[in-house]
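Please look at the structure first and then try each task before reading on.

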Amino acid sequence: MANKHLQPQAVILSATRDGEKLCAAGGRISTQPGDAIDIWNHSQDVEKNRLLIQKVTRSGHTSVVEHVCFHIAFQNVSVMVEQFMIEFRLASFTVKSRRYVDFSTAGYYLPEGLAEREREAYTAHMEALFADYQYLIEHDVPKEDARFVLPYCFCSNFYCTLNGRELLHVLQAMLYGRGSKFPELAALGRQLLEQAQQIAPGVFDSIKQEPTPDALDFTDMPGVTPDAAVLPQSRPFVELLAATPQAAECVARTALIQAFQLPREEINRITASASARREILRRVTGCTRPRPLENTSFTFRLNGVSLPCITHIVRHRMQSVMIPDFTKADRTQKIIPPSVRQSPDCLARYEAAFHRNAALYQQLRGILEEETLVYFLLSGNTLDVVTTMNARELLLFLRLRTCNRAQWEIRLYADEMLRLLREKEPELFEAFGPSCYVTGKCPEGRLSCGKMEAVCEKYRPDQQA
């Protein structure tokens, strides 16, 4: 079979030239006389720089190490690693797309230390799931839907760029925090730390080698019974949990303060007019720097989100998003794409894959650690996610995710989020929607759906009501 066990690697491809000199100069500039170039010229001693950086970072002033950047290739790591990494919001990622690339021969991660019987069961099960994936593709199920049967050990490849401070954060989590319980993540952390210490010893020799408790734990709290059985059979797939009161008026007021420094009485007079508020909001949402939108925030619970859809959500960096621990995921909760439902044979194959996977998971519980069983998650399994975005980030999120080019699942969530926002704050969100609706032109070029007029009509507020 074409699938194979592959060894995960994390390789630092390049880093900022003279990175430690920059960090040391940054440590000196706030306390020493001289201009920026003078201080740079006096920051050429490698050993003095190393000692200064260690002194500054050990005192907690880690902002100076933001001046060195690292470009990392993650090669043939499990997609679980990708999900772990992409939650670090001060990093940039480019990932091989499962929407467009055939992953039939991608390979998968084999955890170390499995007994022979468990190793054979693991390998046979994973190869059967890859065969299910290939079957669905051969029967005209789109790759973006067939991927839901892929297990979370399948290999991902991606690039990541981040500064030294964020890399310290990542390494701390991999080696001593929530990632340390996963052998694959811990091994990748050791690879990265060894390379980083060669490049910038002053930055990374002082990493704190101590446990970092970074996970919520309510298991011993009276009255808290985390039991999947209590989930309601029917629940909304999007819930608006919290919102800035009178958000439209808040945006209008802050826009007037920013533009004119008007006193409160004059702002009250202007914003008392609905037509004036609407015109102010139109100008704010239409400009290239709509900062007043950042003064409002909205918190959503997104229920039953597939694991690939979570990736779409967390790609938006300016948000506070909470992803549950994958070791606690319910293997019986899954998404079934419309393209699979259209074929009885594909649906039967799809359902059988999830049933087989859930059964084997139950069989191996207590035999294998949950940190190993996480690789038995299928991409179509679901979790509930909470996210808080300000209105400026929602403007970008909805422009991208309500577009016809967006993946169908994230588009469903985005459409429902917009509906709830317009229900809560019609004045503010009537101008929100896909890019063609917001700007009057399609940004997709030759990939355009060609239905701009119909799309704009769909997102008119009176059509969404």
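A search of the whole structure finds 27 salt bridges, a salt bridge being a side-chain nitrogen of Lys or Arg within 4 Å of a carboxyl oxygen of Asp or Glu. This is a predicted model, in which local features need pLDDT of at least 70 and side-chain atom pairs count only at pLDDT 80 or more, while totals for chains, interfaces and linings use all residues. Residues are numbered from 1 along each chain as its sequence is written, and side-chain values use heavy atoms, with hydrogens and water left out.

**Exercise 1.** Determine where glutamate 144 and arginine 99 lie in the chain, and whether they are buried or exposed.

*Solution.* Begin with the contact: the side chains of glutamate 144 and arginine 99 meet in a salt bridge, with 2.8 Å from N to O. This pair links distant parts of the chain, since glutamate 144 belongs to helix 6 (residues 143-146) and arginine 99 to the loop between strand 3 (91-95) and helix 5 (116-138), 45 residues apart. Helices (H or I, at least four residues) and strands (E, at least two) are DSSP runs, numbered from the N terminus. Finally, both glutamate 144 and arginine 99 are buried, where buried means under 20% relative accessible area, exposed over 50% and partly exposed in between (1.4 Å probe, protein chains only).

**Exercise 2.** Work out why arginine 283 and glutamate 279 are separated by about one helical turn, and classify the accessibility of arginine 283.

*Solution.* The side chains of arginine 283 and glutamate 279 form a salt bridge of 2.7 Å, N to O. Their separation is about one helical turn because they stand 4 residues apart in helix 12 (residues 274-286). Arginine 283 has 57% relative accessibility and therefore counts as exposed, whereas glutamate 279, with a relative accessible area of 28%, is partly exposed.
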